Amino acid sequence: MTDTRGIVYIALFAAVVAALGVFPPLTLPLIGVPITAQTLGVMLAGAILGSLRGGLALLLFLVLVAVGVPILAGGRGGFGVILGPSGGFLLSWPIAAFAIGWMVERRWRHLTIVNAFAINVLGGVVLIYACGIPWLVMLGQVPWDKALLGTLGFLLGDLIKAGLAAFVAVTVKRTYPIIAPSRGTAG
């Protein structure tokens, strides 16, 4: 499954996501869900560690949040945060990191900034929004139109994060590749 080095990478990226929570969140007035730098960590974990390690890093992060460690942006933590309006976005993070890693592994041999950006947008923006918006509507009792409109406030920042994560992933691939190329991938 994973070796000692892999476990260290998983813990390191859980810490990276926690450290990105130091940046103060910006809460959108329409939906009450904060914009944070931590989704950059989700993208980086998947794109640098790959599917399994990236997904496990974010799963570890969420377990720490659930037991009350205040590592979400703004010093939040606890199971209640996960059950709150932003819970769908949070619960999607391990899935998003896994999906990004899976797509990066499939494109590994021909990974460029352009296709890494597209992968981060699909996994780190589209997938997270697809999980977070319905949760926000159901548990946050926010109307669909208000939730969709409010989420647009995330889009520019998330696209910038996807570009930054793509640049870092391709740079790490060239200098210190952690992901082993998959056999039999079309690339």
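The model is predicted: local features need pLDDT of at least 70, side-chain atom pairs count only at pLDDT 80 or more, and totals for chains, interfaces and linings use all residues. Residues are numbered from 1 along each chain as its sequence is written, and side-chain values use heavy atoms, with hydrogens and water left out.

Helices here are DSSP runs (H or I, at least four residues), numbered from the N terminus. Two packed helices are described by the angle between their axes and the distance between the axes. Axes are lines fitted to C-alpha atoms over the stretch in contact, and angles run from 0 to 180 degrees between N-to-C directions.

Helix 2 spans residues 38-49, and helix 5 spans residues 87-107. Their axes come within 7 Å and cross at roughly 40°. That makes helix 2 oblique to helix 5. Angles under 35 degrees count as roughly parallel, over 145 as roughly antiparallel, 65 to 115 as roughly perpendicular, and the rest as oblique. The crossing of helix 2 and helix 5 is right-handed, meaning that the near helix is turned clockwise from the far one by less than a right angle.

Contact means heavy atoms within 4.5 Å. Helix 2 brings Gln 38, Thr 39, Val 42, Met 43, Gly 46 and Ala 47 to the contact with helix 5. Helix 5 brings Trp 93, Ala 96, Ala 97, Ile 100, Gly 101 and Val 104. The residues of this contact divide into eight nonpolar, four polar and no charged. Ala, Val, Leu, Ile, Met, Phe, Trp, Tyr, Cys and Pro count as nonpolar, Asp, Glu, Lys and Arg as charged, and the others, Gly among them, as polar.

The axes of helix 2 and helix 7 come within 9 Å and cross at roughly 30°. The two helices are therefore roughly parallel to each other. Their crossing is right-handed. On the helix 2 side, the contact residues are Thr 39, Leu 40, Met 43, Leu 44, Ala 47 and Ile 48. Helix 7 meets them with residues including Asp 158, Lys 161, Ala 165 and Val 172. By class, this contact has 11 nonpolar, one polar and two charged residues.

**The core**

A nonpolar core is a set of buried Ala, Val, Leu, Ile, Met, Phe, Trp, Tyr and Cys residues joined through side-chain atoms within 4.5 Å. The largest one has 57 residues. Leu 58, Phe 61, Trp 93 and Val 104 touch the most other members. Helices 1 to 7 each supply at least two residues of this core.

Leaving aside neighbours within four places in sequence, Trp 93 is in contact with Val 17, Gln 38, Thr 39, Val 42, Leu 58, Phe 61, Leu 72 and Ile 128. With the same exclusion, Thr 39 touches Trp 93, Ile 128, Asp 158 and Lys 161.

**Single residues**

Buried means under 20% relative accessible area, exposed over 50%, and partly exposed in between (1.4 Å probe, protein chains only).

| Residue | Relative accessibility | Class |
|---|---|---|
| Thr 39 | 10% | buried |
| Leu 64 | 32% | partly exposed |
| Val 126 | 45% | partly exposed |
| Gln 141 | 69% | exposed |

Gln 141 lies in the loop between helix 6 and helix 7. Gln 141 has a positive phi of about 50° although it is not a glycine.

Leu 64 is found in helix 3. Not counting residues up to four places away in sequence, Leu 64 touches Val 69 and Ile 71. Leu 64 and Ile 82 are 18 residues apart in sequence and 11 Å apart in space, C-alpha to C-alpha.
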